[in-house]
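Me: I would like to learn how to read the side-chain features of a model like this one. Can we start with the charged pairs and then go to the nonpolar parts?

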Amino acid sequence: MIIHAGDLVSKKVLEALSSIAPTHAVRGNMDLPDLLPTLPSRQLVKVGKWTIGITHGHEGRGADTSQRAVGAFSTDDVDCVVFGHSHVALSETVGDTILFNPGSPVAGRGRRGNSYGILELGETIRTRIVPLKL
């Protein structure tokens, strides 16, 4: 399964990802008008016993992207929130909720540079941020 937390930019990217694996995506602030109507601003995905909330993180109230992302969901309803917007990779637990920003494979920021993330959903949720050398 592919989870994309926004800024796909083009419908062609969504189509390419969907040809690889089932894809769950939300809209970001950089997506083109032809893509915006096809994507929700946030989404819940149930995988086994886990509920994953997906949002871009640019909408809502909060001082920073991670606060806006977690504010998009009731933390009672999600085990993990996947978000983007800042393009800065992050994996941290707040209370019982994992906040996971995989960074960006093409426009990474922060000390990790370009990256993508892997969520392993088993007895526990494990996150991994994978740096890319471009």
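Reply: A salt bridge is a side-chain nitrogen of Lys or Arg within 4 Å of a carboxyl oxygen of Asp or Glu. Keep in mind that this is a predicted model.

Me: How many salt bridges does the structure hold?
Reply: The structure holds 3 salt bridges. In one of them, the side chains of Lys-49 and Glu-123 meet at 3.8 Å, N to O. This pair links distant parts of the chain, 74 residues apart. Lys-49 is in the loop between S3 and S4, and Glu-123 is in the loop between strand S8 (115-121) and S9.

Me: Now the nonpolar side. Which residues of the largest nonpolar core touch the most other members?
Reply: In soluble globular proteins, nonpolar side chains tend to be buried together. Here the largest nonpolar core has 13 residues, and those touching the most other members are Ile-52, Ile-54, Cys-80, Val-82, Ile-98, Phe-100 and Ile-125. Strands S4 (50-55), S5 (80-82), S7 (97-101) and S9 (125-131) each supply at least two residues of this core. S4 gives the most, with 3 residues.

Me: What does Ile-52 touch, leaving out residues up to four places away in sequence?
Reply: Ile-52 touches Ile-3, Gln-43, Leu-44, Val-45, Cys-80, Val-82, Leu-119, Leu-121 and Ile-125. There is also a second, separate core of 8 residues, including Leu-8, Leu-14, Ala-21 and Ala-25.

Me: Which residues form a nonpolar patch on the surface?
Reply: Residues in such a patch have over 30% relative accessible area. Val-9, Met-30 and Leu-32 form one here, with about 250 Å² of accessible area together. Met-30 is placed in the loop between strand S2 (23-25) and strand S3 (42-47).

Definitions and conventions
Residues are numbered from 1 along each chain as its sequence is written. This is a predicted model: local features need pLDDT of at least 70, side-chain atom pairs count only at pLDDT 80 or more; totals for chains, interfaces and linings use all residues. Side-chain values use heavy atoms; hydrogens and water are left out. A nonpolar core is a set of buried Ala, Val, Leu, Ile, Met, Phe, Trp, Tyr and Cys residues joined through side-chain atoms within 4.5 Å. Buried means under 20% relative accessible area, exposed over 50%, partly exposed in between (1.4 Å probe, protein chains only). Helices (H or I, at least four residues) and strands (E, at least two) are DSSP runs, numbered from the N terminus. Contact means heavy atoms within 4.5 Å. Patches are made of residues with over 30% relative accessible area and no salt bridge: like charges are joined within 9 Å, nonpolar side chains (Val, Leu, Ile, Met, Phe, Trp, Tyr) within 5 Å. Accessible areas come from the Shrake-Rupley method with a 1.4 Å probe; for residues, only the protein chains shown count as cover.
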